[in-house]
Every structure is written in C-alpha cells, then in structure tokens.
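This briefing covers helix packing and salt bridges. Please look over the sequence and the structure before reading on.

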Amino acid sequence: MNQNAFKRVLCESGEHSAERLEKVYQVVQGCDWWLDEALLLASLSEASLSATWLLKRHIDLGGSLDTVQQKRFVLIGLASNQWQARMHILQSLDRMCIEPEHYPTVCQFAFASKEDPNKFIRAWSCSVVCRLAVLDEKYQPFASAALALAEADEAASVRARVRQLRKKTPTVFE
C-alpha cells in the first residue's frame, strides 16, 4: 500500500471496523512513512477516527512516537471535535513513554478534558493527569483537582476509575 492508497482508505466514508483497520495496520506498519501520514490524516475530520485508532494500535503493541510525532499527536487531541479520536489519544497517552518536554501540553489536553460531556473522556483524562503526577510531582495538584472533580461525577464509571487510580498510585496523593 502506498501513501495515496492509505489516505484513500482512511478517508472513505463509513465506519471502519476494527477488523478492517487491523488489516490496514498489518500492511502499513512496516512502512517508514506511515506514522507521519497517520498523524497528518488524524487532523482531518473524515480520517481522524481511523487514523487515531491505527496510532493507538501501534502504541498498544509497544510502538512509539518520536518527540515531534508526540507533540503533533497531543495537539490533534486538543483540536479534535470527535470524542472517539480524543479517546484514542487519551488511552494512548496513558500507555506511551511521554517525553518530559510534552508534559505541559499533555496536561493541558487531559485537564481540559476533565469536564467533557462524554463520561469516557472524563475518566481517561483522570488517568492521564494521574500518570503525569507519577512521572513528575509538580503535576500532583492537577491530578488531585481532577480526581476531586471526578469523585463527584454523576457517572458511576468515572467514579470507579478514580477509585482504581487511587489504589494504583496511593503514594502520589498522600
């Protein structure tokens, strides 16, 4: 698959199933251009969901993004109006090795998501802010504030996420 075919597949209208996207990933993951192309396509509304799914899959399988790619990934999350794409990015950030120079932008994205209308976004934003607090203690006040807000959330799933986070990283919030 070349870059034009990749773009065409990701920009096609309609929902892309995980099975179809997995096949695309298996074809492109060895190409040297695919990460940059996926990041470019992630900023396009017609390809955002598919592109962020592919990037998340890459990270889930132990792949990484270089420092420039990380910055672009987080900025896409800040600019996206598609909750599923933002969710893919938040889930990825919770797993990837984040460069310290990107902590402020990651915090901005995650902290801005703490009051999102979507309960899944609110829950994952807490995870990312807590991850930052583990990586760098200066983010502990942000994590404490995000957790306090989430503990009062009407969605049981958000409150459950907070309980899991407090158990997983108790020393951060002492």
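A residue counts as buried when its relative accessible area is under 20% and as exposed when that area is over 50%. By this cut-off R86 is buried, because its relative accessibility is 10%. The model is a predicted one. In total, 12 salt bridges are found in the structure, and R86 takes part in one of them, with D116.

**Salt bridges between distant parts of the chain**

- D116 and R86 join through their side chains, with 2.5 Å from N to O.
- R86 belongs to helix α6 (residues 83-93), while D116 sits in the loop between α7 (103-112) and α8 (119-135), so the two partners are 30 residues apart and the pair links distant parts of the chain.
- D116 also counts as buried, because its relative accessibility is 13%.
- A salt bridge also connects R122 and D153, whose closest N and O atoms are 2.6 Å apart.

**A salt bridge within one helix**

- K23 pairs with E19 in a salt bridge whose closest N and O atoms are 3.8 Å apart.
- The two residues K23 and E19 lie 4 residues apart in helix α2 (residues 18-28), which means that about one helical turn separates them.
- K23 and E19 are both exposed.

**A salt-bridge network**

- Salt bridges link K56, D60 and R95 in a network.

**Packing of α3 against α5**

- The packing of two helices is described by the angle between their axes and the distance between those axes.
- For helix α3 (residues 34-42) and helix α5 (residues 67-79), the angle is about 20° and the axes are 10 Å apart.
- Angles under 35 degrees count as roughly parallel, and therefore α3 and α5 are roughly parallel to each other.
- The crossing in which α3 passes α5 is left-handed.
- On the α3 side, the contact is made by L35, D36, L39, L40 and A42.
- On the α5 side, Q69, R72, F73 and I76 make the contact.
- Sorted by class, the contact of α3 with α5 contains 6 nonpolar residues, 1 polar residue and 2 charged residues.

Note on methods:
Residues are numbered from 1 along each chain as its sequence is written. This is a predicted model: local features need pLDDT of at least 70, side-chain atom pairs count only at pLDDT 80 or more; totals for chains, interfaces and linings use all residues. Side-chain values use heavy atoms; hydrogens and water are left out. Axes are lines fitted to C-alpha atoms, for helices over the stretch in contact, and angles run from 0 to 180 degrees between N-to-C directions. Angles under 35 degrees count as roughly parallel, over 145 as roughly antiparallel, 65 to 115 as roughly perpendicular and the rest as oblique. A crossing is left-handed if the near helix is turned anticlockwise from the far one by less than a right angle, and right-handed if clockwise. Contact means heavy atoms within 4.5 Å. Ala, Val, Leu, Ile, Met, Phe, Trp, Tyr, Cys and Pro count as nonpolar, Asp, Glu, Lys and Arg as charged, and the others, Gly among them, as polar. A salt bridge is a side-chain nitrogen of Lys or Arg within 4 Å of a carboxyl oxygen of Asp or Glu. Buried means under 20% relative accessible area, exposed over 50%, partly exposed in between (1.4 Å probe, protein chains only).
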